[in-house]
Amino acid sequence: MKSTFTLLLLCLGIPSGVAAFVVQQPRRTTTHRPAVSDDQVRQAGAGIALVPSGNRQLFDPELEGKFSGTGSLDSRLSQGAQYHYLAAVPEPPSVLDDAQHWLEDIGLPSNTIKPKEPVLAQVLGRARLIGEDAPGDIQHIVLQLPAEFGHYVEGQSLSVIPPGVDQAGKPHKPRLYSIASTRYGDLLDGQTVSLCVRRAEFYDPITGLADPEKQGVCSNLLCNTQVGDMVQVAGPVGKTMLLPDDPSKDIIMVATGTGIAPFRGFLHRLFIENTVSRHLFNAKAWLILGVPVRSGLLYEEELQAMQQNNAEARQQGSAADLEVTYAISREMKNTAGGKLYVQDVLAAGPMNCFSN
C-alpha cells in the first residue's frame, strides 16, 4: 500500500506572505515487527532515526572540498550516532561561498529514472521512530542511491517498486513516498535518501489478528528490510510541494503521522544544515503535528534541537523563527473538551503563530 500525501491550500485567512502545506497520513491499522538493532545501524554508518548523521565510510565531504572546512559538519560526521544537533549554532558565513552550496543550483530534477526501468538502491539502515506503546510501526529508512539516479530536492517523492507480481499476475505498480531528507541526505553526501514509512496491515475485526493477505506490499517490504538489501526505486517525482523561493515567506506545515516526512526535509534545510537557504531564511516556520499518543511523536529530539539552535541564532540577530505545536489526540483536549486534532489547533487561531 502506498503512502499517499495530499497537498492542500489552507483557506483560513492566512495572509498573502504565507506558504501553507498540509500533509495527512492515511488512517491504517498496523502492527510492529522487529527492526534492525541499534548496533547494526551504527555499524552501517547510517544517520537515521533521531540522529540523522553518519560517518566517513562512504564519502568524506571535507576531503572533497564540499564544505570549506565548516566545523559543524566535522562534528556531525565524527560523532555519528551520538550527535544530537545540540552544538552551538555556527556563525553565518561572511562569504556565501563558505556555506554548504554544491547542490544548490541543480534546478528541479524530475523523473530521471522511469518506473519501467528502475535502479537499485541499497539499504544503509533502518530504525523504529515511535515508542512501543504507540499504535502501529513507523520506520526511518536510509537508502544509498546509485549515481545514475542523480539528485532530488526537498518536497519531492521517491517511487519504490516492490518485486514480484500482483494478484492479476502483473508487475506491482510504483508506490510513492515523500522524501524525508534534504537534497544532501542524512549522510550529507548527496547520494542518500531517507523515507518515513508506516507499516500497513489489516486486522480482522472478528479474530483481531493481522491478515497476511491484506498487508501493504511495499510498506512491509521497506519496514522489514535489512542493512545491505536492495530496493528498486525510480524518480524523483513532484514539482508542486516545494519550499518558497522567497526566503521572507512564512511557512505553515500541517501533518499527521508520517505526513511529517517532507517537512522534516524543509526544517533540516532551514534550521540545521549550513546552506545558503538557512542563512537567507528570515521568516517564521510553523509546524503542527498530530499523533495519537506522545510516544508517537516523530523526530521530537530533532525538533527540540532545531528550536534550541534557532533560539541561539535569534540571540545573535537572526530573524528566522520556528514554532512547533503538537496535537496529541488521546492525551490533549480541545476547547470543547473533545480530542485535540490539528484542525482544532488551526481553528484556535493560526494568526497567533505570527505574533512575534
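The model is a predicted one, with local features needing pLDDT of at least 70, side-chain atom pairs counting only at pLDDT 80 or more, and totals for chains, interfaces and linings using all residues. Numbering runs from 1 along each chain as its sequence is written, and side-chain values rest on heavy atoms, with hydrogens and water left out.

F263 and F266 sit three residues apart in helix α4, about one turn of the helix (helices are DSSP runs of H or I, at least four residues, and strands are runs of E, at least two, numbered from the N terminus). As for ring pairs, the count comes to three aromatic pairs (Phe, Tyr or Trp rings, the six-membered one for Trp, with centres within 6.5 Å; planes under 30 degrees apart are stacked, over 60 edge-to-face, the rest tilted). The F263 and F266 rings have centres 5.8 Å apart and planes at 50°, so this pair is tilted. F271 and F281 pair up edge-to-face, at 5.9 Å centre to centre and 85° between the planes. F271 belongs to α4 and F281 to the loop between α5 (276-280) and β9 (284-291), so the pair ties together parts 10 residues apart in sequence. Both F271 and F281 are buried.

The contact between α4 and α6 (heavy atoms within 4.5 Å) involves R264, L267, H268 and F271 of α4, along with E302, L303, M306, N309 and N310 of α6.

Methods:
Buried < 20%, exposed > 50% of the residue type's maximum accessible area, 1.4 Å probe, protein only.
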